[in-house]
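Reader: I am new to this one. Can you walk me through its salt bridges and a strand they touch?

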Amino acid sequence: MALDRLLFNINSQFMAEKSAKSESSDDEKGSRPGLAARRTAARLLAAIIDKHTSADGLTDDVHGHPHYLALDRKDRALVRAMLMTALRFRVTISGLIARRLDRPLPANAHTLNHILHVALAQILFLDVPDHAAVDLAVAHASVDPRTKRFSGLVNGVLRSISRRKQLLLPKALEITIDAPDWLAHRLEQIYGAKKAAAIFEMHRRPAPIDLTVKEMPEIWAERLDGIVTPNGSVRLEKLAGSITDLPGYEEGEWWIQDAAASLPAKLFAEIEGLRIADLCAAPGGKTSQLANAGAKVTALDLSKNRVNRLKQNLRRLRLDAEIVCADITKFTPDRLFDAVLLDAPCSSTGTIRRHPDIAWTKTSADISKLAEVQYRLLRHAFDMVKPGGTLVFSNCSLDPVEGEEMVERFLGEVGQAQLWPIGGEEIPGGNDWITPVGTLRTTPADMNLGRPENSGMDGFFAARFRRLGK
């Protein structure tokens, strides 16, 4: 791995505005500049690690954590940078801390541990002067009654690592898998050691931004200084400023959607004029694809907040769909649909590169529980399809329990369901993503576009079925 390129990519993705130099916010006690952002990052890291809270919810600009909302825009960007980096390299950082200690930290020293992780995310990976990261971490430890007596330890550990980081970091990255043990063992079991290692290596890099455009991807790639991926998405090679300032945003010419996430909606045959239900539809990427292709879409989602977001997105894109806020398991359509797309809620292990908190908020037990939820939704979705119609089931999990094994169980228990194998020619550039039985399987290590930071995609699974009968 090229360490310099990795560090450059992390900085360019998260620190484009030099957030570290904008330390104008003070904490609630009126203390030194920059400390409020560090304390907030540690608080959010604690919520994620200790309470398994989603990072997206904590850093939402409307409904996020109160301390996060109290910061200005640039300090919020700094908090997100520190938080995502600390999560992405959690095992590497933990190992470096452990090797600097004469004995392990106390078992209940969670706050101290979070302070160290936030500081080392800055020292090792972000564009923050080492002395500033160390001094603010010591100040943070000193003002918290739980960690005040450890301020000297914080100073010693951080200065020791910062002095030798050019030697220590490459070796630590080489021998470390930045994932919890359960996930590392599970992916090695599923994909083998080599493929699993490639997946975890991609998790260390911030994911690129992919767009789905209504038409003419080549032209939009040129306008947006991006490239066209094999599946037809536009991948941005760099982003300076806000996504909403890019050409075509206000006009509704494109929407953000990972290349892999765009594939399930392409698995239907000609859909113009067909009645299609998109279940678990928000935020609306797949609904938008189907509507843009001419389908008469009914989009369902259980959450009122997510439904409102779906409406806003469709309004910007100038696309129409019937939107229903309902529980799929209790919804009965007036008449059956020509086709149904179920992108089911799952463990989301395929999106860890984009959401590194998932590795630390999910467990192996969650996968089994979520698989049962998916199966129940799949059965209800199938009941909405008319005889001769099509059902596409998908999710962003890397685990066969939520994918291949789900298909086997479904076909074994539902006599009217028939697998409709996906052909390699249906997914441009995606022959390697089609399994021997004709399902779709992508991983973050797939789609090599030359440069690691510009390659890869979300992990996705999809299967296509026909409903037999007259």
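This is a predicted model: local features need pLDDT of at least 70, side-chain atom pairs count only at pLDDT 80 or more; totals for chains, interfaces and linings use all residues.

Reader: Is Asp446 buried or exposed?
Author: Asp446 has a relative accessibility of 13%. The cut-off for buried is under 20%. Asp446 therefore counts as buried.

Reader: Which residue meets the side chain of Asp446 in a salt bridge?
Author: The N to O distance in this pair is 3.5 Å. The partner sits in helix H11, residues 181–203, while Asp446 is in the loop between strands S11 and S12.

Reader: How many salt bridges does a search of the whole structure find?
Author: Another joins Arg235 and Asp210, at 2.6 Å from N to O. The search covers the whole structure, and its total is 22.

Reader: How many residues apart in sequence are the parts tied together by Arg235 and Asp210?
Author: Arg235 lies in strand S3, residues 234–236. Asp210 lies in strand S1, residues 209–213. Both residues are buried. The pair ties together parts whose separation in sequence is 25 residues.

Reader: Why is S1 largely enclosed by the rest of the structure?
Author: Buried means under 20% relative accessible area. S1 has five residues, and it is largely enclosed because the number of them that are buried is four.

Reader: Which residue in S4 is the bridge partner of Leu211?
Author: S1 runs antiparallel to S3, with three bridges between them. There, the partner of Leu211 is Val234. Three bridges also join S1 to strand S4, residues 254–256, again antiparallel. In S4, the partner of Leu211 is Ile256.

Reader: Which helix holds both Arg409 and Glu413?
Author: Arg409 and Glu413 form a salt bridge, with the closest N and O atoms 3.5 Å apart. They are four residues apart, about one turn of the helix. Arg409 is partly exposed at 31%, and Glu413 is partly exposed at 45%. Both lie in helix H17.

Reader: Which residues are linked with Arg409 and Glu413 in a network of salt bridges?
Author: Arg409 and Glu413 bridge each other. The network links them with two further residues, Glu372 and Arg379.

Conventions:
Residues are numbered from 1 along each chain as its sequence is written. Side-chain values use heavy atoms; hydrogens and water are left out. A salt bridge is a side-chain nitrogen of Lys or Arg within 4 Å of a carboxyl oxygen of Asp or Glu. Helices (H or I, at least four residues) and strands (E, at least two) are DSSP runs, numbered from the N terminus. Buried means under 20% relative accessible area, exposed over 50%, partly exposed in between (1.4 Å probe, protein chains only). Two strands pair if DSSP finds at least two bridges between them.
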